Amino acid sequence: MKLDPEVRRILDAAPLVHLATILPDGAPHSVTIWAAPHGDRIAILTGPDSPKARNMRRDPRVALSFTPVDAPNTPVAIRGRVVEWIEGDAVWEIIDPIAMRYIGQPYDRSMDRVVLLIEPDKQTVGVG
């Protein structure tokens, strides 16, 4: 599925995104993350051994929710799955532009990071 142009526009403005993954016991796990379009996928970053990374290795299904910075009453919801893990030096080519959007500078290199690419299966904008 192609990334909806409105979803892409909203992600380009660097909203705080809520990522829901599934814990080993089947319970939901939700955290706030940074995200950005990457082609027709959504790129996120995390530590390789974080709870969310462990959850997505075991079960790649995820849900994302966020609101536009300029319209906080417009919900955006995406369901999808992690389809690619990027590791090593290649992560910084994706992470640094994301960090520039959120904090105005490159990401701290002292922290080990991976990039996960999420392919959307369902996207809704403005429907609660």
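The following dialogue explains how to read several features of this predicted model.

User: What should I know before I begin?

Analyst: Residues are numbered from 1 along each chain as its sequence is written.

User: Which residues of helix α1 are buried?

Analyst: Helices (H or I, at least four residues) and strands (E, at least two) are DSSP runs, numbered from the N terminus. Buried means under 20% relative accessible area, exposed over 50%, and partly exposed in between (1.4 Å probe, protein chains only). In α1, residues 5–12, the buried residues are Val 7, Ile 10 and Leu 11.

User: What is found at the ends of α1?

Analyst: A polar contact is a pair of N or O atoms within 3.5 Å; within protein, one must be able to donate a hydrogen and the other to accept it, and residues adjacent in sequence count only if both atoms are side-chain atoms. Asp 4 caps the N-terminal end of α1, with a side-chain oxygen 2.7 Å from the backbone nitrogen of Glu 6. Just after the helix, Ala 14 has a positive phi of about 60 degrees.

User: Where does Gln 123 lie, and is it buried or exposed?

Analyst: Gln 123 belongs to strand β7, residues 114–125. Its relative accessible area is 17%, so Gln 123 is buried. A polar atom of its side chain lies 2.9 Å from the backbone oxygen of Lys 2, and one lies 2.9 Å from the backbone nitrogen of Asp 4.

User: How do strands β1 and β2 run?

Analyst: Two strands pair if DSSP finds at least two bridges between them. Strands β1 (residues 17–22) and β2 (residues 28–33) run antiparallel and are joined by six bridges. His 18 stands opposite Thr 32 in β2. The two strands form a hairpin with five residues between them, and Gly 26 in the turn has a positive phi of about 90 degrees.

User: Which strands pair with β5?

Analyst: β1 pairs with β5 in the antiparallel sense over three bridges, with Leu 19 opposite Leu 64 in β5. β5 also pairs with β6 (residues 76–86), antiparallel, over six bridges.

Conventions: Predicted model: local features only at pLDDT ≥ 70, side-chain atom pairs only at ≥ 80, totals over all residues. Heavy atoms only, no water.
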